[in-house]
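Reader: I would like to learn how to read ring contacts and pockets in a model. Please take them one at a time.

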Amino acid sequence: MVDTFWHIESDTVFLNFDSGNFTCVIFKNSLPNFPFLPQSYYFGKEVEVKGVVKLYKGKPEIILNNQAQIRIIIPEENVSKEN
């Protein structure tokens, strides 16, 4: 599940996982690539992210440049099965 933080001064969004032990970062210049407020849209959701994992201050992070790098995972029990 994602916990989010929007740093107002730098206009940067942080998507934090596992109590901040893993973070995805969306910098100001990439925010126009998201047609919604990522800090609200992804908050509390389960997501899958794609990107290069790098260490920042000893913790892993992925920089997200566009919405194609992240998708919300719908739990199986909520997906209707077609027969």
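Reader: How many aromatic pairs does a search of the whole structure find?

Author: Six aromatic pairs turn up in this predicted model. Two rings count as a pair if their centres lie within 6.5 Å, and the angle between the planes then gives the class. For F17 and F22 the centres are 5.5 Å apart and the planes stand at 45°, so this pair is tilted. F17 is buried, at 13% relative accessible area.

Reader: What kind of aromatic pair do F36 and Y42 form?

Author: Planes over 60 degrees apart count as edge-to-face. F36 and Y42 have 80° between their planes and 5.7 Å from centre to centre, and form an edge-to-face pair.

Reader: Is Y42 buried or exposed?

Author: The cut-off for buried is under 20% relative accessible area. Y42 has 2%, so Y42 counts as buried. F36 has 22% and is therefore partly exposed.

Reader: Which residues do ring pairs link into a cluster?

Author: The cluster consists of F34, F36, Y41 and Y42. Y41 also has a charge over its ring: the charged end of K45 sits there, 5.3 Å from the ring centre.

Reader: Now the pocket. Which residues line the largest pocket?

Author: The lining consists of F5, F14, N16, T23, V25, F27, Y56, K59, P60 and E61. Two or more of these residues come from each of β2 (12–17), β3 (22–26) and β6 (59–63). The largest share, three residues, is from β6. By type, the lining has six nonpolar, two polar and two charged residues. The space in this pocket is about 220 Å³.

Methods
Residues numbered from 1 in each chain as written. Predicted model: local features only at pLDDT ≥ 70, side-chain atom pairs only at ≥ 80, totals over all residues. Heavy atoms only, no water. 1 Å grid on protein atoms, 1.4 Å probe; cavity = no way out; pocket = protein on both sides within 12 Å on 5 of 7 lines; lining within 4 Å. Points joined across faces, edges and corners; volume = space filled by probe spheres on them. Helix = DSSP H or I, 4+ residues; strand = E, 2+ residues; numbered from the N terminus. Nonpolar A, V, L, I, M, F, W, Y, C, P; charged D, E, K, R; others polar. Phe/Tyr/Trp six-rings, centres within 6.5 Å; stacked < 30°, edge-to-face > 60°. Buried < 20%, exposed > 50% of the residue type's maximum accessible area, 1.4 Å probe, protein only. Lys NZ or Arg CZ within 6 Å of the ring centre and 35° of its normal.
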